[in-house]
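The structure comes first, and the description follows.

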Amino acid sequence: MPASLLENFVPMVDFLANVLGEDAEVVLHDMSNVDRSIIAIRNGHISGRKLDGPATNLVLKILKNSQYDDSDYISNYESRSLDGKPLKCSTFLIRNEERRLVGILCININIEKHVVMKSYLDSFFSYTDCEQKKEKVTEHLSTSVEELTFDSIDSVIGELGVAPDRLNKEEKLSVIRKLYSNGIFILKGAVNETAERLFISEASVYRYLNQIKKEEKNA
């Protein structure tokens, strides 16, 4: 990949941050190293992230799933900062001449003030939004690989409503299958973190992954 391809987008980080203001975090990710993918960032106070931070769970999902192969961007989805502030996010997918994903440019806008104002106006005018339902996109703006892995695991386990140490074999397989689908195992150390969180050995995680890959291959 020509280095200039992503370098061309570095000035965009400053440009967008200057245009959108201090409530907008702008981040440029390099897909050649998802563990330290952040190569440029402005207004990192919004998520607490810095240069050399890891990719997000959404970035890993985009890398892992072919459903995004024809997409050039994902716009206007919800997320939350580490301290719970609501964010409006958009992601631009940077592809090379072969349409391979090489970088991602993200904008995460803190809309806390807008949400308060909207709540007030909704109450004042007594109307209800009737927006068409869309698939909800969830993104964890984690500051480290370990945090991203734990956040992703906890999110999947939370859907089951069972404590990690009380999961049966099928439930653990279900958790690992979802994590695999979301691309978590692209991260270095994800197998070890998953084993610890599910109270099983790394060898067991690899057995589950081999089973999932066989199922995928035979599907």
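Ser-152, Ile-153, Val-156, Ile-157, Glu-159 and Leu-160 in α5 are in contact with Glu-171, Val-175, Lys-178 and Leu-179 in α6, where contact means heavy atoms within 4.5 Å. Sorted by class, this contact has six nonpolar, one polar and three charged residues; Ala, Val, Leu, Ile, Met, Phe, Trp, Tyr, Cys and Pro count as nonpolar, Asp, Glu, Lys and Arg as charged, and the others, Gly among them, as polar.

The model is predicted: local features need pLDDT of at least 70, side-chain atom pairs count only at pLDDT 80 or more, and totals for chains, interfaces and linings use all residues. Residues are numbered from 1 along each chain as its sequence is written, and side-chain values use heavy atoms, with hydrogens and water left out.

The elements discussed are DSSP runs numbered from the N terminus (helices H or I, at least four residues; strands E, at least two).

| Element | Residues |
|---|---|
| Strand β3 | 73-80 |
| Strand β4 | 86-95 |
| Helix α4 | 112-125 |
| Helix α5 | 145-160 |
| Helix α6 | 169-181 |

The axes of α5 and α6 come within 10 Å and cross at roughly 135°. The two helices are therefore oblique to each other.

Strands β3 and β4 run antiparallel and are joined by six bridges; pairing requires at least two bridges found by DSSP. Arg-80 lies opposite Pro-86 in β4. Five residues separate the strands of this hairpin, and Gly-84 takes a positive phi near 90°.

Val-116 belongs to α4 and counts as exposed at 56% relative accessibility.

Definitions and conventions. Axes are lines fitted to C-alpha atoms, for helices over the stretch in contact, and angles run from 0 to 180 degrees between N-to-C directions. Angles under 35 degrees count as roughly parallel, over 145 as roughly antiparallel, 65 to 115 as roughly perpendicular and the rest as oblique. Buried means under 20% relative accessible area, exposed over 50%, partly exposed in between (1.4 Å probe, protein chains only).
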